[in-house]
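Me: I'm new to this one, and I'd like to learn how to read it. Could you walk me through it?

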Amino acid sequence: MSRAAFEARFPDEAACAAHLFARRWPDGFICPVCGGSKGWPLSGKRFTFECAGCGRQTSVTAGTVMHRSHLPLKTWFTAVHIVTSHSNGISALQLQAQLGLGSYKTAWLLLHKLRRAMVDPERRPLVDLVEFDETMIPLRSKDDPPGGGRGRSTVGKALVAGAVELSPDGHARRIRLAPLTDASAASLHPFVASVAAPGARVVTDGWSGYLSLTDHPHTAKIVGKMAAHIVLAWSHRVFANLKRWALGVFHGLRRPHLRRYLDEFVFRWNRRRHTAAAFDSLLGLGTRLAPATYRDFVDQRV
Ligand SMILES: [Zn+2]
């Protein structure tokens, strides 16, 4: 959807609310408490409907990323359009400028709420053949300016685990990424178990942390004198893309929120060939997210 098409489709608050209503109640209002189908919009509370049967009030934004936000729906919709139509995404600083938001913090929180909606809690584990590997990615420190610039230092690196699901003809399908504390079996085995379905065949470079997996047949491709990028070609391509993205869009990622940025990269990679569904999934439609505040994100409670 082009920006012009987006503006024509969602010109104002009412159009955004109508979209949420249609997705939530395709066959008309249904009360989430009593199941009654009779209700009316409340004049005093925006986009809220009251059940004629039990009196329960339900907002069209309940369970979405927008719930209890003070920002206009149009701002949220525009942000989702920008985030899903830029193949590489956007930094909080850029989003603040594009939306004309008053503060960097508002843009930052908005993007983190969207990243939270990027992980489908019911996503299926990886199957068939799955490459596993780890990489180090450079980090940006808290004191570095968000826009980059002079004096920026790289204060460290983070270890990241990656998994790439391969089709029978050897092409990458879906990926998963996660921060790792170290590359020991105690760290890697739980990652394998959390992303690969039992019985999926695991391919690695033979690192000791992957040995003696119990639920997965394991093929170790010993690197030896052969370059590692030939043995685990897709993992290396994903990691190279991840590093370019982290530097290009964000001037390096920061450790406290590394998991969320990895989630965003995974979301973009897994939807690289079908972006149409991304718009609704980023709004949080269908996922029933509990509301989260700025502190929830800073303290990493969500
Ligand atoms: Zn009711």
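Me: Where is Phe47 found?

Reply: Phe47 is in the loop between β1 and β2. Helices (H or I, at least four residues) and strands (E, at least two) are DSSP runs, numbered from the N terminus. Before we go on, this is a predicted model: local features need pLDDT of at least 70, side-chain atom pairs count only at pLDDT 80 or more, and totals for chains, interfaces and linings use all residues. Residues are numbered from 1 along each chain as its sequence is written, and side-chain values use heavy atoms, with hydrogens and water left out.

Me: What is the phi of Phe47 near?

Reply: Here's the general idea: most residues other than glycine have a negative phi. Phe47 has a phi near 60°, a positive value in a residue other than glycine. Ser212 has a positive phi as well, near 55°, and sits in the loop between β7 and β8.

Me: Is Ser212 buried or exposed?

Reply: Buried means under 20% relative accessible area, exposed over 50%, and partly exposed in between (1.4 Å probe, protein chains only). Ser212 has a relative accessible area of 64%, so it is exposed. Phe47 comes out at 21%, so it counts as partly exposed. Across the protein, buried residues make up 47% of the 302 residues.

Me: Which residues are the protein donors of the zinc ion?

Reply: Donors are N, O and S atoms within 2.8 Å of the metal (3.2 Å for Na, K and Ca); water is not among the atoms, so sites may look incomplete. In this model they are the SG atoms of Cys31, Cys34, Cys51 and Cys54, lying 2.3 Å from the zinc ion. Along the chain, their spacing is C-x2-C-x16-C-x2-C.

Me: Why is the arrangement around the zinc ion tetrahedral?

Reply: Four donors count as tetrahedral if all angles lie between 85 and 135 degrees. The four donor atoms here subtend angles of 99 to 118°, so the arrangement is tetrahedral. As for cover, Cys51 is buried, at 2% relative accessible area, whereas Cys54 is partly exposed at 40%.

Me: In what order do the five strands of the open sheet with mixed pairing come?

Reply: That sheet has the order β6-β5-β4-β7-β8. The edge strands are β6 (172-180) and β8 (218-220). Strand β5 (residues 156-166) pairs with β6 in the antiparallel sense over seven bridges, and Leu180 in β6 is the bridge partner of Leu159.

Me: Which strands does helix α6 lie across?

Reply: Axes are lines fitted to C-alpha atoms, for helices over the stretch in contact (heavy atoms within 4.5 Å), and angles run from 0 to 180 degrees between N-to-C directions. Helix α6 (residues 185-195) lies across β4 (129-139), β5, β6 and β7 (201-204), at about 145° to β6. Helix α9 (residues 258-270) lies across β4, β5 and β6, at about 175° to β6.

Me: How many helices and strands does the protein have?

Reply: There are eleven helices and eight strands.

Note on methods
Tetrahedral: all angles 85-135°; square planar, octahedral: opposite > 155°, others 65-115°. Pairing = 2+ DSSP bridges.
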